[in-house]
Amino acid sequence: MIKPNPATTSTHASTPWGNAWRRFLTHRLALVCLIFLGAVALACVFGPLFSSYAFADQNLVLGPTPPSAAHWLGTDVLGRDELARLLVGGRVSLSVGLLATSIVLIIGVSYGMVAGYAGGRLDRLMMRIVDILYALPFTVFIILLMVLVNEPVQTALTKMGHANWAPKVQLGLLLLAIGAFEWLNMARVIRARTLELKSLAFVEAARALGRRPGKILWLHLLPNLAGLIVVYATLCIPSVILLESFISFLGLGVQAPLTSWGDLIKQGADNMEEYPWLLLYPSILFSLTLFALNFVGDGLRDALDPRADKAR
Amino acid sequence: MPPLLRHALIRLLEIVPVLWVVATITFLLARCVPGGPFDRDHVLTPQAAAENNAYYGLDQPLYVQYIQYLSNLLHGDLGPSYQHAGWTVNELLAQKAPVSAELGLWASLVAMVVGLGVGALAAMRPRSWSDYGLMSFAMVGICLPTFVLGPILILLFGLKWNLVNVTGWFTASDRILPSLVLGLYYAAYLARLLRGSMLEVRTQDFVRTARAKGNSDRRVILVHVLRNALTPVIAYLAPTMAGLVTGSFVVETVFQIPGIGRLFVEAVQVHEYPLLIGVTMLFAAVLLLFNWVADLLMTALNPKVLHD
């Protein structure tokens, strides 16, 4: 008896998401990278609980020291333990990266798909709105958000005795600012691809069969866009992490003594000649995370490709 | 009229209302930021401040200022600069824009050559060591962001080996490091987008058909796959290039290049409305033009999108 090849039969299953996970498991490098990312995330969340140093504890007498038995990754200019700061910074950077990217994906993908699929006047209108928003000065928008929203809210919170909510409000506004800016390119890329997919035979067939637009978008176009979405998401996360440090520098977002990877790398770059370890370790962790993310993204892309089994 | 030409003309006409909306919102945004251009540096007597405001028309009602501003804009006049006394915004931009444009074009070239080259080569043999190696190389630009890669390259090539000038924008060799630093960051994006897109297109039916017709592998990849895979890349590249040729704050600061990026941040800091609006309108015009070209390119690559 000839055994049916599970890979080819799976593509005919009614749900296109069906065996993506099984296919992902066969991608060994991606799996290793996913485990690494999980380990980094766990270390950032729980690591600071076991550290003998708090990330904000200064030791001005000690000052900046290279790695030693007491401080594994050395100390920064104010004598703060670099490892503790790196882990706490990871909490900020990873959560901002994931949350902001989710916002970007949801808005960018749905907007781009609707514009691309609708075509005609609606598409023109929607894309010109994207053009307008993209052309507006982002820095000015951040400053306005800071002055007109953040400051009044902070004052009100302090009056109501909820001053400890302030960092959360700041973080929320930061996500809003990043989300408001980064989705524009995502929408443009998705719209361009949707426009192209729309003219392919399988979409025309679905339309001829009388499928409703919502169904076509969800069942036929989204699986075909999944690869592009994943690739774009893995690019979005690092750019969001770096954008965070720029916005925080402008005064909205994460404020000292709290830190983030972008902030630590920036501080390291400012002192790279005198205290190279302050640049080296944050950069290594950031790079390794990006590499892992990159390969996890590739694995996901391969797994989500609706025609993945044809490729071999 | 051929449909492509018609499409091109309509798209070109759409730029006008979009520019008007951008001009209006930017005007209002700039006025929303608290603080005026003359309440920093040195305290002015009320009389001097009033004279200043009257001289620049800032004492007029907002709608009068707006009409004046729009009519000036129509004539291509961006107004006088407040901070750079004696200079108009047009003169400032005319002086700095070519520098940023040149840097941006070189950087775009680096990004395209490295990014598209790496992306296409990596997609030829997915999941092989050449794929992993090439993509890892492309990642350098994001892993070492501009504010890290810039100083490192300055340290190595400028200070240690004395091969190039550390800062400035005078000789041809001054262009190398800033263009590399700026371009490599975006090369990483282009490489990943193109690779992913090519892998996707590779499995489409029409590629199989092309292969079945007996086309060689190379021809299939170059003509059929690459052509159809370029869409997302072009959609991403147009706005990105618009940003590159109109100034990059970080790289201009690191390398002390007299471009628009630094001018703009300075304009925001000191509430210099005309300069802020001038740079924004310049960026908007370039952005819309590039997006127009991108739109036409995508339509030309896939004319089917016109028929619906």
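In chain A, 70% of the contacts with a separation of 6 or more are between residues 24 or more positions apart, a contact being two residues whose C-beta atoms, placed from the backbone, lie within 7 Å. This is a predicted model, where local features need pLDDT of at least 70, side-chain atom pairs count only at pLDDT 80 or more, and totals for chains, interfaces and linings use all residues. Residues are numbered from 1 along each chain as its sequence is written, while chains are lettered from A and ligands numbered from 1 in the order in which they are written.

**Exercise 1. Describe each chain: how many helices and strands are there in chain A, and what does the secondary structure of chain B come to?**

Step 1. Chain A has 11 helices and 0 strands. Here helices (H or I, at least four residues) and strands (E, at least two) are DSSP runs, numbered from the N terminus. Chain B comes out at 12 helices and 0 strands.

Step 2. Now the dimensions along the principal axes. The C-alpha trace of chain A spans about 75 × 55 × 40 Å, and the C-alpha atoms of chain B fill a box of roughly 85 × 60 × 30 Å.

Step 3. Check burial. Of the 312 residues of chain A, 44% count as buried; for chain B it's 40% of 308 residues. Buried means that 20 or more other C-beta atoms lie within 10 Å of the residue's own, with C-beta atoms placed from the backbone.

Step 4. Go back to contacts. In chain B, residues 24 or more positions apart account for 74% of the contacts with a separation of 6 or more.

**Exercise 2. Work out how α3(A) and α11(A) cross.**

Step 1. Find the helices: α3 covers residues 28–50 and α11 covers residues 277–304 of chain A. Their axes come within 8 Å and cross at roughly 135 degrees. Axes are lines fitted to C-alpha atoms, for helices over the stretch in contact, and angles run from 0 to 180 degrees between N-to-C directions.

Step 2. Name the angle. Angles under 35 degrees count as roughly parallel, over 145 as roughly antiparallel, 65 to 115 as roughly perpendicular and the rest as oblique, so α3(A) and α11(A) are oblique to each other.

Step 3. List who meets whom. Residues of α3(A) including A:Leu29, A:Cys33 and A:Phe36 meet a set in α11(A) that includes A:Ala292, A:Phe295 and A:Asp298. By class, that contact has 11 nonpolar, 2 polar and 1 charged residues. Ala, Val, Leu, Ile, Met, Phe, Trp, Tyr, Cys and Pro count as nonpolar, Asp, Glu, Lys and Arg as charged, and the others, Gly among them, as polar.

**Exercise 3. Follow α11(A) across to chain B: which residues of α11(A) and α5(B) make the contact?**

Step 1. The axes of α11(A) and α5(B) come within 10 Å and cross at roughly 135 degrees. That makes this pair oblique too.

Step 2. A:Phe286, A:Ser287, A:Leu290, A:Phe291 and A:Asn294 sit on the α11(A) side, with B:Met135, B:Ser136, B:Met139, B:Ile142 and B:Cys143 on the α5(B) side. They divide into 7 nonpolar, 3 polar and no charged.

Step 3. Zoom out to the whole interface. There, 49 residues of chain B are in contact with 45 residues of chain A. The largest share of the chain B side, 9 residues, comes from α1(B). That side divides into 33 nonpolar, 9 polar and 7 charged residues.

Definitions and conventions
A residue is buried if 20 or more other C-beta atoms lie within 10 Å of its own, exposed if 12 or fewer, and partly exposed in between; C-beta atoms are placed from the backbone.
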